[in-house]
Amino acid sequence: MSTIVVVGAGVSGLTCALQLAKQGGNTITVVAKHMPGDYDPEYTSPFAGANVLPMAPEYNRWEGETWPELKRLAETCPEAGIHFQKAVLYRRAQDEAAGFAGPLSDGLFVRNPWYKDLVPDYVDLPASEVPEGMSSASSFTSVCINTAIYLPWLVGQCRARGVVFKRAVLKHISDAAKLSHTGRKPDIIINATGLLSCRLGGVMDKKVMPARGQVVLVRNEATPNMVCTSGTDDGNGDELCYIMQRAAGGGTILGGTYMKGNWDGVPDPNIATRIMKRAVEACPALTGGKGIEALDVIRHAVGLRPYREGGVRIDKENINGTWVVHNYGHGGWGYQGSWGCAFRVQELVDEIKSELKLGSKL
C-alpha cells in the first residue's frame, strides 16, 4: 500500500486523487488551502465555464484522452453535472488572415482541425448560417460542466474510495511530507497547486503566471448552442466572446478575458459591460432583443488561470528525499485535459512505485 498526498483541490488535483483511488493500492490524502465551495480568484476551478473547446494545435493526449471520459459522464452520470451542448465557432476574417494569433492563438479555430475526428458531428456551416462580420463558422457536439456540481461530485467519488481531505497552507512542497492522515511520511506527493506553483517553495516555477479571466454569470437562457468567436472588435487583444449554459440550472456564463500576467482579482465594470454587450449582440435571444439591461446577473467573477509558458508541467522529481509528481500549468484547459493528465500522473506514480519496490536509491 502506497501513501500519497495530493496538494491542491482544483479539478486537476481532485481528478488525480480520484484516478489514483480508483486504481487501488493507494492511501490518499488531499491537502489544500481552498476546497470546493470556496471562492477565491487564486482557486480557479469554480470560475471556469467549463467546457470542451480543444486548444492543442495537433493531437494532444491530455485533451484526446479526457473527451471520452467527459462524454461517458454526460451520458451515464447526471449527478456529475455535465451535459451535451453544441459548440458553434465563429471566425472573423481578420483573425483568420492573421493565423489566429490573438488570445486564442491555438488550434481551436483552425480549418480542418485534428479534433474533428475526436468530437461528434464536426461540420463547417454553410455561408447562410454565418453572421455578418464573420468569415466562416463550424460546429460540433461538446459538453458544458456545472463546476458547482462537478467539483463536489469529484470530492464525493474520492470520499467513497477512502480519500481523506485536509485544509492546509504549505510554504514548501516538502511540508506535505507531514500531512498524510495516516501519520506516515508519504511515498509520493502530487503537486497540483496550479497558479501557486510560482510561489511554492521547492517549486517556484517562474514560467507560471496568471491569465486573468473575467466572466459574468447570468440566469438568462437563450440557446442550446455554446458560442465562441475568434476575436472581438471593441476590446484589447486579450478579450474574448463566449457564451455557454452550465448543466443543471447552473446559469449561463458570458466571457471573457485572457490577460496574462494580470493578478487583479476584482471584476472591472468596464470589461463587464463589454462582455455583456458582446453576448447580447452575438445572441440577441438572451434578452429578447432588450439589451444588457435585461440580463439577470447572478454575479461578476474573476478567476486567475494557471498559465505556464511552454505548456503544462507533468513530470517527476525527487525533492528532499521524497518523490514529487508535478501536474500544473494548464492555463484555460484544466477541465478538458483533466483526465488525460491524471492518466499520465498515474503512469508516473506507477514508475516510482516500481523503482521503490526495486530498492532504487535515487
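Student: What makes E8 and strand E11 (residues 252–257) a pair?

Tutor: E8 and E11 are joined by 4 bridges and run antiparallel. Two strands pair if DSSP finds at least two bridges between them, so E8 and E11 qualify. Leu 217 stands opposite Ile 253 in E11.

Student: What is the basis of these values?

Tutor: This is a predicted model: local features need pLDDT of at least 70, side-chain atom pairs count only at pLDDT 80 or more, and totals for chains, interfaces and linings use all residues. Residues are numbered from 1 along each chain as its sequence is written, and side-chain values use heavy atoms, with hydrogens and water left out.

Student: How many bridges join E8 to strand E12 (residues 259–260)?

Tutor: E8 and E12 share 2 bridges, in the antiparallel sense. The cut-off is at least two, so they pair. Arg 212 has Met 259 as its bridge partner in E12.

Student: Why is strand E8 (residues 208–218) called largely enclosed?

Tutor: Buried means under 20% relative accessible area (1.4 Å probe, protein chains only), exposed over 50%, partly exposed in between. In E8, 10 of the 11 residues are buried, so the rest of the structure largely encloses this strand.

Student: Why do E6 (164–167) and E14 (313–319) count as edges?

Tutor: The open sheet runs E6-E2-E1-E7-E15-E14, with mixed pairing. E6 and E14 each have a single partner strand, so one side of each lacks a neighbour in the sheet.
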